[in-house]
Amino acid sequence: MSKSVKISSHLTQEVKEKEKEEQLINELRLLLKTLIYQEEVTIKAIIDCLYDVGSTNLINHKLRFGTLNKTLKFITKKSKPVAKMLAWQWFNKNCPELITQWLQSKVTFVKVEETRMEVMVDNENLRLASMSQLPEENQVNQVKRLHFQVKLLTGILVVVVTMFSGSLIWLNYSLKRSHSQTIEKLQNQVKRSQE
């Protein structure tokens with residue numbers, strides 16, 4: 001009887017944790033959308049730089065020299081506003097979801113079941129030797145992969161904290177500046193009305 005109670009409470013706890021995770025992921029998606037709207041100018045500048053570098057490199061890669069190379073570069077410069085608009089629409093529509101999924105994949109740890117490979121060898125000693133080396137190699141690879149993931153998550157954490165800290169500082173500065181501008185306008189209106 002006590003085992004069934006423990007199992008059901010464990011399942012309800014897992015369900016609650018899953019619901020909380022979904023709520024937090026939705027909140028992350030919303031934060032990313034907000035960040036994209038707030039940083040629209042910056043993102044468009046990034047798209048602009050990437051378009052210039054990418055189009056030039058692509059044309060140079062496909063056509064080394066000649067008049068066709070120059071002509072295509074001229075065409076890409078003229079079509080740049082349309083390409084930027086389309087790239088912005090794609091970014092705005094797809095990137096919050098893609099970034100959310102990528103970030104979620106970095107903090108979701110899936111249990112990896114160990115798969116064993118058996119090699120059919122006539123010599124039994126070779127077979128045993130190869131079987132004993134597989135788990136050690138797997139463990140080393142898993143440790144390396146986990147070490148890389150820790151470094152990556154640490155880097156992402158530093159970048160996110162830096163971005164949000166910078167955004168908060170900028171927001172504080174903007175609010176103070178708009179507040180002081182509002183006070184100056186009110187003071188000017190009072191002076192005008194007194195004159």
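What is the accessible surface of the protein, and what share of it belongs to carbon and sulfur atoms? In this predicted model, the accessible surface comes to about 16,800 Å², and carbon and sulfur atoms account for 63% of that area.

Let me turn to the overall fold. The protein contains five helices and zero strands, so its pattern along the sequence reads α-α-α-α-α, with helices counted as DSSP runs of at least four residues. Of its 195 residues, 10% count as buried. If we take the contacts between residues at least 6 apart in sequence, 70% of them join residues at least 24 apart.

Helix H4 covers residues 80-107, which is 28 residues. From its first C-alpha to its last, H4 reaches 37 Å, close to the 40 Å expected at 1.5 Å a residue. Helix H4 also has a kink of about 45° at Asn94, shortly before the proline Pro96.

Which residues of H4 are buried? They are Lys80, Trp88, Phe91, Cys95, Pro96, Thr100 and Leu103.

Let us examine one of these, Thr100, which is located in helix H4. Why does Thr100 count as buried? The reason is that its relative accessible area is 1%, and the cut-off for buried is under 20%. Leaving aside residues up to four places away in sequence, Thr100 touches Ile25, Leu28, Arg29 and Leu32.

Thank you for your attention.

Terms used: Residues are numbered from 1 along each chain as its sequence is written. This is a predicted model: local features need pLDDT of at least 70, side-chain atom pairs count only at pLDDT 80 or more; totals for chains, interfaces and linings use all residues. Side-chain values use heavy atoms; hydrogens and water are left out. Helices (H or I, at least four residues) and strands (E, at least two) are DSSP runs, numbered from the N terminus. Buried means under 20% relative accessible area, exposed over 50%, partly exposed in between (1.4 Å probe, protein chains only). Contact means heavy atoms within 4.5 Å. Accessible areas come from the Shrake-Rupley method with a 1.4 Å probe; for residues, only the protein chains shown count as cover. The expected span of a helix is 1.5 Å times one less than its number of residues. The bend at a residue is the angle between axes fitted to the seven residues ending there and the seven starting there.
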